[in-house]
Amino acid sequence: MATVAPTSPPDAKKITPTVATSPKKLDAGALFVLKSRGSWIHCGYHLTTAIVAPALLSLPFALALLGWEGGVVVLMLAAIITFYSYNLLSLVLEHHAELGKRQLRPGWGRYYVGPLQLATCYGAVIACTLLGGQSLKFIYLLARPDGSLQLSHFIVIFGIFTLILAQIPSFHSLRHINLVSLILCFAYCACTTAGAIYIGDTNKGPRKNYSLTGTGVNRIFGFFNAISIICTTYGNGIIPEIQATIAEPVKGKMFKGLLVCYAVVISCYFSVGISGYWAFGNQVESSVLQNFMVGSNPLLPKWFLLMTNGFTVLQVAATSLVYLQPSNVVLERKFANPEKGQLSLRNFVPRLITRSLSVIIATTFAAMLPFFGDIMALFGAFGCIPLDFILPMVFYNLTFKPSKKGLIFWVNTVIGVASTGLSLIGAVASVRQIILDARTYRLFANM
């Protein structure tokens, strides 16, 4: 007959009870959309598509507001600071990866960074859809100057094209499209640079005048507007998602990807910015391609303009797909079942519905608000500058706690504080511009 000891044995304290733990919950967003299978070169493709977008065609306009010396200096500083900033953020993400936590928004960041990032990226999708529609309209008017189709029609056409491509299941699956996008970046930047040099070297363009326009308050606000434009063109709100597509081990791969990206950035940004400002001076338009036309008369062969805008349309479509990825992660996390296959009917139908609705809503906003560029400037002040110039510095200092007597801590602090001031001033300048332009706003306008 067995007996039960009334007390524990002397070595009972050495026995560690086994506690049952529940299995870690699968994240359908990370599992299906991000897919950590990419290499550093794929990372370079994604980074280039996210940063080098047709918004860079506004760089000559920004240089015109700053002048030669100021414009080139700000262009260089923005390149150096964003490269440094993105590298800091990648180190923070690498640190979490080494701890076994490939967190995109650790701790409190999910309550601030998450909504800010989603709003900024979705705003970029709307802006890309509007830009794609404008480029299609430009091509249409070149072929049929008396055509009756309006901007909203072309925005819808571009939206349908994006809707089809948006069904590509994962971010990693975009690597080949983003390679083509990288090539297209070089193509339309080379065309734009060559066109500007050709016009500037002949008497077809306006008389060159590099003096700063505006006086007093207008010039000051123009100065800060130009800085905001340049900062926004360097913006990349999806560094965490891009890094999450890299296969383990991730150490050092993001830095290599950034080198690939910034080789394209430097060559494209400086060639377009400097050639456009040199050719048209302070008469340069908000998009330098507009200077290639005088009224309805092209200053370059039609085939050349059609080709340049065709490259632009295709590349901006790739950029739209990249900036849809953060919302795709959220939608998959909410509606997909990670225990079913990615292409199973259970997951395919919700993906088709939610992504289609996402693109349809963005297309509707783009057609309804053709003045969205002014609103996007406000997004840039409140979104791009904090995400790209402020938060990486804060996250690095909080994660690695560099010595307050060291250079890194103070470099990060100075950049963060200066960028905060710039963000606030940029927001004021953007609101002022919206107020000035408000009288011209009209829903579904044919601009």
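Predicted model: local features only at pLDDT ≥ 70, side-chain atom pairs only at ≥ 80, totals over all residues.

Q: At what angle do helix α6 and α10 pack, and how far apart are their axes?

A: Two packed helices are described by the angle between their axes and by the distance between those axes. Helix α6, residues 175-200, packs with α10 at an angle of about 145°, and the two axes are 9 Å apart. The crossing of these two helices is left-handed. On the α6 side the contact is made by I177, N178, S181, L184, C185, A187, Y188, C191, T192 and G195, and on the α10 side by F304, M307, T308, F311, T312, L314, Q315, A318, L321 and V322. By class, this contact has 13 nonpolar and 7 polar residues, with no charged residues.

Q: And how do helix α10 and helix α11 pack?

A: Helix α10 covers residues 302-335 and helix α11 covers residues 345-368; their axes are 10 Å apart and the packing angle is about 140°. The two helices are therefore oblique to each other. In this pair α10 passes α11 in a right-handed crossing. From α10 the contact draws on L324, S327, N328, L331, E332 and F335, while α11 supplies R346, P350, R351, T354, R355, S358 and V359. These residues divide into 5 nonpolar, 4 polar and 4 charged.

Q: How many salt bridges are there, by the count used here?

A: A salt bridge is counted when a side-chain nitrogen of Lys or Arg lies within 4 Å of a carboxyl oxygen of Asp or Glu. By this rule the count comes to 2 salt bridges. In one of them the side chains of R351 and E332 meet at 3.2 Å, N to O. R351 lies in helix α11 and E332 in helix α10, so this pair ties together parts that are 19 residues apart in sequence. Both R351 and E332 are buried.

Q: Which side chain meets that of R355 in a salt bridge?

A: The side chain of R355 meets that of E332, with an N to O distance of 3.8 Å. This pair, too, links distant parts of the chain, since R355 is in helix α11 and E332 in helix α10, 23 residues apart. Both R355 and E332 are buried. Through shared partners, the salt bridges join E332, R351 and R355 into one network.

Q: Is N309 buried or exposed?

A: A residue is called buried when its relative accessible area is under 20%. N309 is found in helix α10, and because its relative accessibility is 4%, N309 counts as buried. Leaving aside neighbours within four places in sequence, N309 is in contact with S135, F138, I139 and L289.

Q: What does N397 touch, beyond residues up to four places away in sequence?

A: N397 is found in helix α12, residues 372-400, and N397 is buried, with a relative accessible area of 15%. Not counting residues up to four places away in sequence, N397 touches P402, F409, N412 and T413. N397 and N412 are 15 residues apart in sequence, and their C-alpha atoms are 7.7 Å apart in space.

Q: Where is a cis peptide bond found?

A: A cis peptide bond joins E248 and P249, with omega of about -5°. P249 is found in the loop between α8 (239-244) and α9 (253-280).

Q: Which residue has a positive phi of about 45° although it is not a glycine?

A: That residue is K35, which is found in the loop between α1 (28-34) and α2 (40-51). K35 is buried, with a relative accessible area of 17%. K401 is not a glycine either, and K401 has a positive phi of about 50°. The place of K401 is in the loop between α12 and α13 (407-437), and at 64% relative accessibility K401 counts as exposed.

Note on methods
Residues numbered from 1 in each chain as written. Heavy atoms only, no water. Axes fitted to C-alpha atoms, helices over the stretch in contact; angles between N-to-C directions. Helix = DSSP H or I, 4+ residues; strand = E, 2+ residues; numbered from the N terminus. Parallel < 35°, antiparallel > 145°, perpendicular 65-115°, else oblique. Left-handed = near helix turned anticlockwise from the far one by under 90°. Contact = heavy atoms within 4.5 Å. Nonpolar A, V, L, I, M, F, W, Y, C, P; charged D, E, K, R; others polar. Buried < 20%, exposed > 50% of the residue type's maximum accessible area, 1.4 Å probe, protein only.
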